[in-house]
Amino acid sequence: MTQNNATEESQANAKTRRASGEFVRGISGFRRHIGDPDVPAEPGRYHLFVALNCAWCHRVTLARNVLGLQDVITLDVAFPNRTGDDDAVGPNLWEFAPNRIASLTGAPLAECTGETGTGQGLRLAKNIYQREGSDEQSVPILYDKIDGRIVNNESAEILHMLDAQAEALGSTRQNRPHLVPADPEARTAVEALNERIYVTINNGAYKAGFSSDQAVYAKAFEAYFDTLRNLETLLGEDRPFLAGATFTEADLRLFPTLYRHDPVYYVRMKLNGARILDYPYLWRWLCRVYAMEGVAEAGSLIHCRQGYFGRSWNGTIPLGPITPSYPEAYAQPDLARSI
Ligand SMILES: N[C@@H](CCC(=O)N[C@@H](CS)C(=O)NCC(=O)O)C(=O)O
């Protein structure tokens, strides 16, 4: 399988790089596609396992919603914090625990579900992989409820197949966006944006926040804000979306990171060079996408804050930002300085 820079990062010398303090993301192992001979596009057949604080899962919940597939693809939501060090099953595992109390709210989280996709009420995402002899444990997972098998666990590929098969999967959404443009030139432009956004923004945020080497952090920090400045200029050329007049995959991929920037990443990933609010075109783009049908419901900043802070440092979750508060601020495009 050839490595695609817009989807995953090089695993070259991954061990040495990790040992020297660089955060290196692994590769997803399940890579079948809806439309393959044994993976027919049928309404109601597929299920998604996600966590709402996971930025990669956010891609697939966004695709499910903007493509109008909420009624034909079912969804389970894991608790934002993974298992603790004292858990008998081991630490760092996604669990389906609808009654677990969130320290941020002092109550269970309404969006969290049990595991309903396999029909076995499993506790962990890891258990879904174990059934197929795999030791993977990540989310998102696209699952086939008819033959009881995992189809794919790579968000970039999952959103492509939902886009390509939306009609056959039963989408009834009028004027739904086409995430991958039909026009080859536009598609090339979107792919170039995808790669830069993946390397410096989507994965770059983790490279900055999770690396324990100052030089690696500083390089990721510079690349992140360099791309934000570049995208600000791009959107300043009188275009509502990154690739022009219509919403594409490039916008969908950028949104989860910028949605998390001011309320989470600014502190948690040490990306405190600026807020998105300080970029008037990017801010208005963020509000424009947030206002699209199905976008607001596809994510949760409560889950993000609980997930990113709930098990870090001393476990307390920052209560800010207060003025403005988020996500309410995303309904105020004019909050950013005038253009
Ligand atoms: N390339 C995958 C990455 C998925 C991923 O890294 N998910 C994280 C959550 S944000 C995870 O579950 N990590 C746990 C692990 O890999 O053990 C995708 O985009 O779907």
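These questions and answers concern salt bridges in a predicted model.

Colleague: How many salt bridges does the count come to?

Modeller: Side chains of opposite charge can pair when their charged atoms come close. A pair is counted here when a side-chain nitrogen of Lys or Arg lies within 4 Å of a carboxyl oxygen of Asp or Glu. By this rule the count comes to 19 salt bridges.

Colleague: Are Arg17 and Glu22, which meet in a salt bridge, buried or exposed?

Modeller: Their side chains meet at 3.0 Å, N to O. Arg17 has a relative accessible area of 18%, and Glu22 has 18%. Buried means under 20%, so Arg17 and Glu22 are both buried.

Colleague: How many residues apart in helix H7 are Glu249 and Arg253?

Modeller: The side chains of Glu249 and Arg253 form a salt bridge at 2.9 Å, N to O. Glu249 is buried, at 2% relative accessible area, and Arg253 is buried too, at 2%. Both belong to helix H7, which covers residues 249–268, and about one helical turn separates them. Their spacing is four residues.

How values were computed: Residues are numbered from 1 along each chain as its sequence is written. This is a predicted model: local features need pLDDT of at least 70, side-chain atom pairs count only at pLDDT 80 or more; totals for chains, interfaces and linings use all residues. Side-chain values use heavy atoms; hydrogens and water are left out. Buried means under 20% relative accessible area, exposed over 50%, partly exposed in between (1.4 Å probe, protein chains only). Helices (H or I, at least four residues) and strands (E, at least two) are DSSP runs, numbered from the N terminus.
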